[in-house]
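Trainee: I should like to learn how to read the helices of a model. Could we take one as an example and then turn to the whole chain?

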Amino acid sequence: MRILGRVTSSNVRKVLWTADLCGIAYEHEVWGMPHRDPRVPEFLALNPNGTVPVIVDDGFVLWESSAIMRYLALQTGSDLWPEDARQRALVDQWLTWQATELLPSWLYAVTAYLARNPDFADPERIAQSVDKWTANMRMLEERLVAGGGYVANGRLSLADLALALSSHRWFSTPFDRAELPAVAEHYQRLKATEAGQKYLGAGTP
Ligand SMILES: N[C@@H](CCC(=O)N[C@@H](CS)C(=O)NCC(=O)O)C(=O)O
């Protein structure tokens with residue numbers, strides 16, 4: 001299997017981390033700026049969005065990080081994506097929430113505070129982003145407290161990987177963040193694992 005994407009992208013790390021835990025052998029190709037521009041015809045033929053990650057599995061092409069995570073887990077029979085319909089749906093619920101609610105909420109603040117992009121300097125928009133991001137992270141805190149330290153079904157799933165990568169953004173961004181002990185504990189616990197070190201450890205953007 002080929003996995004295309006730069007490891008500096010948390011969406012790519014969702015896929016690499018899942019592949020590692022599922023014991024999949026893969027070749028990693030570093031695509032995405034500033035390495036290899038994904039908006040070239042060769043790459044656009046695989047993913048017309050011109051974004052990473054993408055996988056090519058024996059000729060089968062797939063993009064969208066959460067869809068790839070599910071495919072990898074299903075192909076290997078991994079319990080990171082449970083078979084039971086309701087348990088699986090809960091994992092999907094949090095995976096979707098990570099991509100469609102949580103990630104958009106931090107984009108402005110992270111681009112301002114972490115990437116220090118001068119085009120993202122509007123104080124009102126920074127405050128709005130921080131408020132929404134904080135409200136979402138508080139929701140995650142409540143879930144982890146109620147869920148015994150896991151996002152869904154009281155055990156490790158694809159959702160924990162995606163959300164620990166999101167927590168990495170939270171803890172890596174220099175700003176006056178709220179205290180969220182259950183989020184911190186979940187993040188540190190996943191980071192302490194072998195694969196977690198690789199994708200959340202020191203020096204990981
Ligand atoms: N919803 C997509 C988002 C993909 C995406 O926006 N990828 C970014 C990196 S996080 C990208 O490819 N940026 C252009 C680049 O790296 O050149 C997914 O989850 O896979």
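**Reading a helix and its neighbours**

Mentor: The buried residues of H5 are Ser-129, Val-130, Trp-133, Asn-136, Met-137, Leu-140 and Leu-144. A residue counts as buried if 20 or more other C-beta atoms, placed from the backbone, lie within 10 Å of its own; 12 or fewer make it exposed, and the range in between partly exposed. The model is predicted: local features need pLDDT of at least 70 and side-chain atom pairs count only at pLDDT 80 or more, whereas totals for chains, interfaces and linings use all residues. Numbering starts from 1 along each chain as its sequence is written.

Trainee: How should I read the spacing of such a list?

Mentor: An α-helix has 3.6 residues a turn, so residues three or four places apart point the same way. In this structure, the buried residues of H5 pack against helix H4 (85-113), helix H6 (158-172) and helix H7 (181-191). Helices here are DSSP runs of H or I with at least four residues, strands are runs of E with at least two, and both are numbered from the N terminus.

Trainee: What span should helix H5 have, by its number of residues?

Mentor: The expected span is 1.5 Å times one less than the number of residues. For the 24 residues of H5 (residues 123-146) this gives 34 Å, which agrees with the 34 Å between its end C-alpha atoms. After H5 comes Gly-148, with a positive phi near 65°.

Trainee: At what angle do the axes of H4 and H5 cross?

Mentor: Axes are lines fitted to C-alpha atoms, for helices over the stretch in contact, and angles between N-to-C directions run from 0 to 180 degrees. The axes of H4 and H5 cross at roughly 140° and come within 8 Å. H4 is therefore oblique to H5; under 35 degrees counts as roughly parallel, over 145 as roughly antiparallel, 65 to 115 as roughly perpendicular, and the rest as oblique.

Trainee: How do helices H1 and H3 compare in direction?

Mentor: The axes of helix H1 (residues 10-21) and helix H3 (residues 65-76) cross at roughly 5° and come within 9 Å. H1 and H3 are therefore roughly parallel to each other. Their contact includes Val-15 of H1 and Leu-72 of H3.

Trainee: How many helices and strands does the chain have?

Mentor: The chain has eight helices and four strands. Of its 205 residues, 37% count as buried.

How values were computed
Contact = placed C-beta atoms within 7 Å.
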